[in-house]
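Dear colleague,

Please find below the structure that I am handing over to you. My notes on what was found in it follow directly after.

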Amino acid sequence: PWAHFLCDEPAHRSNTSVCLTLDLEEAGVKKLQKLLEAEGVAYDIGSYRSAPPGLRIWCGATVEESDLRALTAWLAWAYETVKSGA
């Protein structure tokens with residue numbers, strides 16, 4: 001897998017504010033974020049400034065499961081786009 005929970009300890013992970021790291025350099029993560037924003041898929045999805053480069057995804061009660069499923073497909077697309085150098 002190319003996406004990993006920021007927190008290694010499952011018992012300490014948030015199920016509402018999910019933070020992920022990616023198998024990309026910081027520039028690649030920023031490019032992925034910009035791709036998602038350009039496609040109108042996700043805004044302000046970047047990790048907090050004090051955290052390692054990655055993604056921060058709100059998964060609280062106001063988010064539909066179908067939207068998260070759709071987002072995961074977009075994340076995979078963006079990751080593959082960045083990895084391929086396109």
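**Helix packing, core and selected residues**

Helix H1 passes helix H2 in a right-handed crossing, where right-handed means that the near helix is turned clockwise from the far one by less than a right angle, and left-handed that it is turned anticlockwise. This is a predicted model, in which local features need pLDDT of at least 70 and side-chain atom pairs count only at pLDDT 80 or more, while totals for chains, interfaces and linings use all residues. Residues are numbered from 1 along each chain as its sequence is written, and side-chain values use heavy atoms, with hydrogens and water left out.

H1 covers residues 26-38 and H2 residues 65-83; helices (H or I, at least four residues) and strands (E, at least two) are DSSP runs, numbered from the N terminus. The two helices pack at an angle of about 130°, and their axes are 9 Å apart. H1 is therefore oblique to H2. Axes are lines fitted to C-alpha atoms, for helices over the stretch in contact, and angles run from 0 to 180 degrees between N-to-C directions; under 35 degrees counts as roughly parallel, over 145 as roughly antiparallel, 65 to 115 as roughly perpendicular, and the rest as oblique.

On the H1 side, Gly-28, Lys-31, Leu-32, Leu-35 and Leu-36 take part in the contact (heavy atoms within 4.5 Å). Their partners in H2 include Trp-74, Leu-75 and Ala-78.

The largest nonpolar core has 16 residues, of which Leu-24, Leu-32, Leu-36, Leu-55 and Ile-57 touch the most other members. Such a core is a set of buried Ala, Val, Leu, Ile, Met, Phe, Trp, Tyr and Cys residues joined through side-chain atoms within 4.5 Å. Buried means under 20% relative accessible area, exposed over 50%, and partly exposed in between (1.4 Å probe, protein chains only). Leaving out residues up to four places away in sequence, Leu-32 touches Leu-22, Leu-24, Leu-55, Leu-75, Ala-78, Tyr-79 and Val-82.

Thr-21, in strand E2, has a relative accessible area of 19%, and Gly-54, in strand E3, has one of 0%. Beyond four places in sequence, Gly-54 is also in contact with Val-29, Gln-33 and Ile-45, among others.

Finally, Asp-44 lies in the loop between H1 and E3. Asp-44 has a positive phi of about 55° although it is not a glycine. Most residues other than glycine have a negative phi. Asp-44 is exposed, at 60% relative accessible area.

Yours sincerely
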